[in-house]
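The structure comes first, then the notes.

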Amino acid sequence: MRQFLLPFLIAMLAGCSTLARHELDQRYGAPDRGRFDTPQAVPAGVSYRRDVQPILDRRCVVCHACYDAPCQLKLGAWEGVARGASKERVYDGGRLREALPARLFEDAQKPSGWRGRGFHPVLNERTPSAEANLSGSVLYRMLDLKRRNPLPGDAVLPKPFDFSLDRDQQCPRIEEFDAYAREYPLGGMPYGLPGLSEREHAVLTRWLELGWPWEGPPPLPGAVGRQVKEWEAFLNGDSLKQRLASRYLFEHLFLAHLYFESDRDLNYFRLVRSATPPGQPVRII
């Protein structure tokens, strides 16, 4: 009897998972991997840089900024939010094969590229609507879960909260979120910290409803742009002296973040080797 029961239970569990995805497809349409390859236009009065990023910086990047951020979800840039999350651990001491690096801005250039590397969205990638953009977003559901289950008032957090470095990570996809919320009601975000303020929650909710628009990086100040062009002209020079100096500078500074002393805004730059010339989208060599 046991040999027949186990395959039956596995089939039931697989069926439940498939049914959840099917219901999502019926309600909100099939997933579109390329939906965020091009940022959406920004409605009047909404600014990611002015309104949203400061909240993420204050409340989220303390955990979700490093290369080994929980679920590899990096919230320090719009591109990290659009990339989403991964169930793969960055550091796995028990693995026997090499792991592919997952460096934001380098190992894939668009969200659709990250989907091909196993990253799943935390935003709604189905047919956009105000309802779907919230209920189909892991990011919103995590914030809402915290709102419905606020931090306990105890001086010391109870046992369910685990901050150890080797803790089990839970990285639910949207079709898994209902089960996650039932099993981890205190697992909302920010994890183990007080929830967002009313204003912070309202700002992020409105941004998510609108389809998380982004106005792109700010233009460089004129003087900084001119300095960048001057350095690019030198680093791409044809003379033997320029080529030798450029190679030397790159090999010593390619890991550094650089800025110009005269730039009060401290715009940071990196030296990269690209298959494309200056002024065109970078294709890292």
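Helix α6 gives the largest share of the lining of the second largest pocket, four residues. Helices here are DSSP runs (H or I, at least four residues), numbered from the N terminus. This is a predicted model: local features need pLDDT of at least 70 and side-chain atom pairs count only at pLDDT 80 or more, while totals for chains, interfaces and linings use all residues. Residues are numbered from 1 along each chain as its sequence is written, and side-chain values use heavy atoms, with hydrogens and water left out.

**Second largest pocket**
- Its volume, the space filled by probe spheres set on grid points joined across faces, edges and corners, is about 1,200 Å³.
- A pocket is an open set of points on a 1 Å grid over the protein atoms alone, where a 1.4 Å probe fits, with protein on both sides within 12 Å along at least five of seven lines; lining residues have an atom within 4 Å of a point.
- Of the 46 lining residues, Pro70, Arg167, Gln169, Met189 and Tyr191 are the closest to the pocket centre.
- Two or more lining residues come from each of α6 (138-148) and α7 (177-183).

**Pro172**
- Pro172 sits in the loop between α6 and α7.
- Pro172 is buried, at 8% relative accessible area (buried means under 20%, with a 1.4 Å probe and protein chains only).
- Beyond four places in sequence, Pro172 contacts (heavy atoms within 4.5 Å) Lys87, His120, Val138, Met142, Phe177 and Tyr180.

**Ser246**
- Ser246 belongs to helix α10 (residues 240-253).
- Ser246 is buried too, with a relative accessible area of 11%.

Notes:
Buried means under 20% relative accessible area, exposed over 50%, partly exposed in between (1.4 Å probe, protein chains only).
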